[in-house]
Each structure stands twice: as structure tokens, then as C-alpha cells.
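Biologist: Hey, can you walk me through this one? I'd like to start with the charged side chains.

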Amino acid sequence: MAKKKLSQRLFATLLSIIFHGRPWLSSTSSKGGSTSATFPSSPMRQNHHRPMADGKLAAERTIVVDVDGGLLRSSPSGLFPYFMLVALEAGGFLRGAVLLLLYPLLCCVGIRGDTALRVMAMAAFCGLRESRLHAGRAVLPKWFMEDVAVDGFEAMRGARRRVCVTSMPRVMVDGFLREYLGAEVVVGKGMKVLFGFYTGLMEEEEVILHLEEKKIMLEGDAVAFSGSLEFFRHPLSHCCKETYHVRPEDGATRQALPRGKYPKPMVFHDGRLAFRPTAGGTLAMFMWLPLGVALGAARLAVALVVPYRYATLILASTGMSWRLKGNRPGHPPGHGGGRGQLFVCNHRTLIDPVYVSVALDRQVRAVSYSLSRLSELISPIGRTVRLTRDRDSDGAAMARLLDRGDLVVVCPEGTTCREPYLLRFSPLFAELSDDVVPVGVAVETAMFYATTAGGFKCLDALYYMVNPRMCYTVQFLDRVCTTAVMGREVHSRDMANIVQRKIGDALGYGCTMLTRKDKYLMLAGNDGVVKANHNCSAAPPAPIGIKNM
């Protein structure tokens with residue numbers, strides 16, 4: 001009998017190797033129980049897959065989630081895009097090129113294997129300064145959130161405790177899992193640090209693992225949700241009472257979590273890349289860069305030298321287009337020697353005023369809190385008026401421009417926002433003029449973002465010019481009368497909220513009470529002010545739109 005059981009085990013293992021290259025452990029196990037081999041594509045047996053009852057897999061229980069294969073949708077590139085994001089955003093194009101050159105070798109050894117993982121970690125992290133690595137909280141969460149599967153999210157939603165297991169370095173996923181998905185514990189590998197720099201070597205965090213093993217064993221009712229074979233070898237998988245497994249044949253059809261179901265709105269993120277850097281996408285980017293730099297220089301020359309009405313046609317033929325939605329506003333009531341007009345614009349990139357000027361076919365004066373000398377030098381609308389974040393002096397500077405009859409463009413958000421949200425509007429603009437013209441702007445890019453929180457801001461306009469294709473949409477809205485603010489009948493904060501909501505409704509964007517300071521604290525670890533001035537703060541407006549921030 002013993003020999004018969006042994007021969008059956010050997011035969012089962014042989015079948016597993018033939019069909020999958022490695023033994024596949026059972027999809028269900030109990031504490032202290034035995035495991036048996038199952039074969040999803042074997043004609044003899046089918047992998048057992050427990051259905052999730054209305055997504056409430058671990059209601060009021062502890063759930064152990066396999067991040068790599070269960071929570072995130074699997075892709076042919078595996079985890080390569082996330083390591084490429086770290087390499088490009090934290091290390092630069094040269095480091096990204098090195099990682100891309102290693103991709104064929106990674107495919108030979110198995111892109112999802114431990115060897116490939118360690119090579120990618122070495123290429124992406126080696127030599128980076130630990131204190132300056134913000135990719136884990138500023139860049140990666142956007143891409144992780146877009147890759148979260150609906151069934152993985154639903155499995156976590158009703159759990160009492162959420163324990164996440166990943167083969168990636170913990171520094172890459174810890175911030176995302178805790179902040180956006182409410183993970184209590186993240187079990188992953190740590191990155192070794194020497195003299196403040198990452199060595200590129202990963203090490204197991206045995207203390208965290210052992211503590212969590214004891215806690216799960218004591219609870220006795222934990223369940224697991226997985227989507228990869230490697231998870232069944234993890235110690236925590238053997239501590240769970242049940243394991244729910246996503247079958248390989250279901251992986252290609254798993255749906256991404258819609259934006260409307262995000263547990264927390266993705267308002268802020270950083271990084272230059274506007275596309276997911278798969279191996280093919282990254283290769284296309286490197287092939288485009290030489291042509292893109294030359295094309296960007298030509299576009300810039302045309303924008304600086306050729307008049308607007310002719311430059312628009314030339315630039316559109318190169319993929320740099322814009323469109324006007326609605327009608328241009330008429331001349332301000334005091335036009336012809338009278339007071340100028342104030343245009344209130346949401347802030348997408350630093351060249352928003354340029355496209356407002358193009359859409360008006362008239363010269364405008366832009367006011368900005370901070371602008372690099374390079375950006376000012378290449379601006380086609382002339383010198384920008386610098387603000388100081390001092391309420392009185394900034395108000396006086398803008399009032400002087402309006403008194404001279406200038407068309408003034410101001411972005412009261414104070415900083416850019418990439419996602420379809422509007423930040424809190426500073427109420428100062430409502431106190432400067434009898435009426436304002438709200439302007440909604442939207443921008444589409446194909447390869448690079450033209451904004452950054454932690455990078456070199458002087459390159460923002462150049463990154464925009466290098467894109468293969470981009471389009472600005474400018475929409476002028478009806479004038480908003482602000483005389484009630486001048487007569488102290490309405491508070492300027494309420495008027496700012498009205499204008500914010502008007503622009504948000506026109507663009508289909510959500511209105512928030514978040515500010516420039518919130519953005520920079522999250523993305524760069526500072527308040528975004530180069531020279532602090534504590535006399536420029538204004539009382540925050542009442543929250544409108546999104547209230548769960």
C-alpha cells in the first residue's frame with residue numbers, strides 16, 4: 001500500500017512538471033493539514049476554485065492577500081513595469097536603458113521568477129539615495145491602482161484585518177497598500193542600505209513574518225486570496241484556514257477596478273511618464289527620444305517666432321494641437337483705455353496662459369508664484385509677473401496690471417493637478433475685479449507629463465514639446481460678477497467656491513478642498529515653498545465636491 005501511494009505521488013508530480021514546470025500545491029488547506037497536488041489544465045483533475053460569495057470573502061475575518069498575482073492583474077511583463085518606473089523616475093534614462101537591455105535575459109530565466117526579481121531590483125535600486133526615493137508614495141500608487149483587479153479589491157473590502165504578501169521590495173508597495181487599501185501589515189523583502197544608499201540587494205524581513213504567523217495561527221479563521229503558484233510556498237499561506245485561488249484561465253479576463261470605486265480618490269501623483277512602461281512601450285520611448293528632442297526644438301522655434309494664427313497650423317501638423325470649446329469672450333466692458341479683464345483658469349501645466357492667449361488671439365499677462373528662468377526665457381507670451389505669496393503685495397501687483405488695461409490670467413489653485421480634480425481656489429482673485437471670466441483647460445499627452453513635484457521644473461515645457469502627440473482644450477465660460485464681494489455682501493471664499501464649481505462642472509472634474517501644501521507634503525515631503533512667508537495664508541474655503549479627503 002505504501003509503495004502504491006508513493007507511485008501515485010510520483011506520477012502526480014510528473015504530470016505537474018509536464019503541464020506547468022513545477023508542482024502546484026492545493027488551493028485549499030487547513031491548519032496542520034496535508035496538501036495534495038492539483039492540475040488546472042490536466043485532463044484528469046481541475047483546480048478547485050472557491051467562489052467569492054458576492055465579493056465578501058473574508059467578512060469580519062483576517063485575509064492574507066497575494067499582491068502580485070491576486071490583487072493585481074497579471075500581465076505578460078510581470079512586475080517589470082513597476083521596476084522600470086523606479087529606474088526611470090528615480091534613476092534616470094540611463095538606468096532605465098540598462099534595465100531594458102536586461103529584459104531578454106530576464107525572459108530567459110523566467111520574468112516572474114525570483115532570479116529575475118532580484119536582477120530587476122539590483123538594476124532599479126543600486127546606488128539610489130534612500131532619503132530621496134519618493135517613487136513608492138508619489139509615482140507607483142497611480143499605476144498600482146490602475147492594475148487592481150475588481151475581484152481582488154472585493155475580497156479585501158470586508159476583512160477585519162488585511163495582510164498583504166508581495167515578492168516586490170516593501171518600499172515599493174508599502175505606502176500604496178496602507179494608504180489606499182487599508183492594509184495593516186505588508187510582508188515583503190527589505191532593501192539593504194549602506195551609508196544611506198541602496199545596495200540593490202533584497203533581504204527577508206523575518207521578524208515581521210514570524211510575528212504575523214503567530215497572530216494568524218492564534219486567530220485560526222484567516223483566509224487567503226491568491227493568483228500565483230509562488231504564493232502557496234509562502235509560510236503565511238499554510239497558516240490560513242482556507243485559500244481562494246484565481247485560476248490561470250481567469251487571469252486574462254479580470255477587470256480593472258473602475259475609478260469610481262477607488263477607496264480613496266487618486267488626486268496627486270508624480271513622475272514624468274504618462275504611459276505604463278512595459279518592455280515594448282519603453283523601447284518605443286527610447287526610439288522616439290532622438291526624434292522627439294529635434295521635433296521639440298523645432299516646435300519651440302515656431303512658437304517663439306511665427307505669429308499665433310500661422311503657428312497653430314504648423315504646430316498642429318506636427319501633432320501639437322489645441323481646440324476651442326465654446327465661444328471667445330467679448331471685450332471687457334472697460335475695453336479701450338479702461339480697466340483690463342481677469343481670467344481665472346484651472347492649472348494643468350505652466351503653459352496654460354500660453355493657450356489662453358492663443359485662444360483669445362491677444363497678448364495676456366500671466367502671474368505665477370514660481371517660474372524658472374529657463375521657462376520664462378522660452379515663454380512666447382513674454383515676461384511673467386512673479387508673485388510672492390504675500391496677500392497684500394500680490395493683490396496690489398495684479399491690481400496694477402488690471403488698471404493698465406492688461407488681460408491677466410491667474411491660476412488660483414496655486415499648483416498643477418493632473419487628475420480630473422480641482423484644488424482649492426485661493427479667494428484673492430475675487431477681490432480684485434468687478435467680474436471675472438472662468439476658463440476651463442484640459443490637456444492630453446501621449447508620453448510625458450509636463451509637470452513635476454520632485455523633479456526639475458525648468459524642464460516642464462520641454463517635456464511637453466517632446467511628446468509625439470498632445471492637445472490642449474480651452475473653454476471660456478460666462479462671466480461671473482464679483483461686485484458682491486467688493487460690497488462685502490458675499491465673502492470672497494464663497495465666490496471662489498462658486499467659480500471653482502463652475503469650472504469643475506464644465507470640465508466634469510471633482511472639486512476638492514486640497515491645496516498646494518497638501519500636494520507637496522504627499523509627493524515631495526515639503527510644503528512646496530522655496531522662501532517661506534508666514535503672512536500669506538488665507539482661511540480655507542468650505543469643502544465642496546469631494547469631502548472624503
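This is a predicted model: local features need pLDDT of at least 70, side-chain atom pairs count only at pLDDT 80 or more; totals for chains, interfaces and linings use all residues.

Biologist: What distance do you get for Glu-419 and Lys-142?

Modeller: Their side chains meet in a salt bridge at 4.0 Å, N to O. Glu-419 sits in the loop between strand 11 and strand 12, while Lys-142 is in helix 8, so the pair ties together parts that are 277 residues apart in sequence.

Biologist: Are Glu-419 and Lys-142 buried or exposed?

Modeller: Both Glu-419 and Lys-142 are buried.

Biologist: How many salt bridges does the structure hold?

Modeller: It holds 21. One of them joins Arg-254 to Asp-151, with the closest N and O atoms 2.7 Å apart. That pair also links distant parts of the chain: Arg-254 is in the loop between strand 6 and helix 12, Asp-151 is in helix 9, and they are 103 residues apart.

Biologist: And why does Arg-254 count as buried?

Modeller: Because its relative accessibility is 8%, and buried means under 20%.

Biologist: What about Asp-174 and Arg-178?

Modeller: Their side chains form a salt bridge too, at 2.9 Å, N to O. Asp-174 and Arg-178 are four residues apart in helix 10, so about one helical turn separates them. Asp-174 is buried, at 18% relative accessible area, whereas Arg-178 is partly exposed at 37%.

Biologist: Okay, new topic: helices. How do helix 3 and helix 4 cross?

Modeller: Their axes come within 6 Å and cross at roughly 155 degrees. Angles over 145 count as roughly antiparallel, so that's how helix 3 and helix 4 run relative to each other.

Biologist: Which residues make the contact?

Modeller: On helix 3 they include Phe-80, Phe-83 and Met-84, and on helix 4 they include Phe-93, Leu-99 and Leu-100.

Biologist: Where is there a nonpolar patch on the surface?

Modeller: Look at Leu-194, Phe-195 and Phe-197, which together have about 360 Å² of accessible area. Phe-197 lies in strand 4 and counts as partly exposed, at 31% relative accessibility.

Biologist: Let's zoom out. What does the whole chain come to in helices and strands?

Modeller: There are 20 helices and 16 strands. The chain has 549 residues, and 52% of them count as buried. Its accessible surface comes to about 25,200 Å², with 57% of that belonging to carbon and sulfur atoms.

How values were computed
Residues are numbered from 1 along each chain as its sequence is written. Side-chain values use heavy atoms; hydrogens and water are left out. Patches are made of residues with over 30% relative accessible area and no salt bridge: like charges are joined within 9 Å, nonpolar side chains (Val, Leu, Ile, Met, Phe, Trp, Tyr) within 5 Å. Accessible areas come from the Shrake-Rupley method with a 1.4 Å probe; for residues, only the protein chains shown count as cover. Helices (H or I, at least four residues) and strands (E, at least two) are DSSP runs, numbered from the N terminus. Buried means under 20% relative accessible area, exposed over 50%, partly exposed in between (1.4 Å probe, protein chains only). Axes are lines fitted to C-alpha atoms, for helices over the stretch in contact, and angles run from 0 to 180 degrees between N-to-C directions. Angles under 35 degrees count as roughly parallel, over 145 as roughly antiparallel, 65 to 115 as roughly perpendicular and the rest as oblique. Contact means heavy atoms within 4.5 Å.
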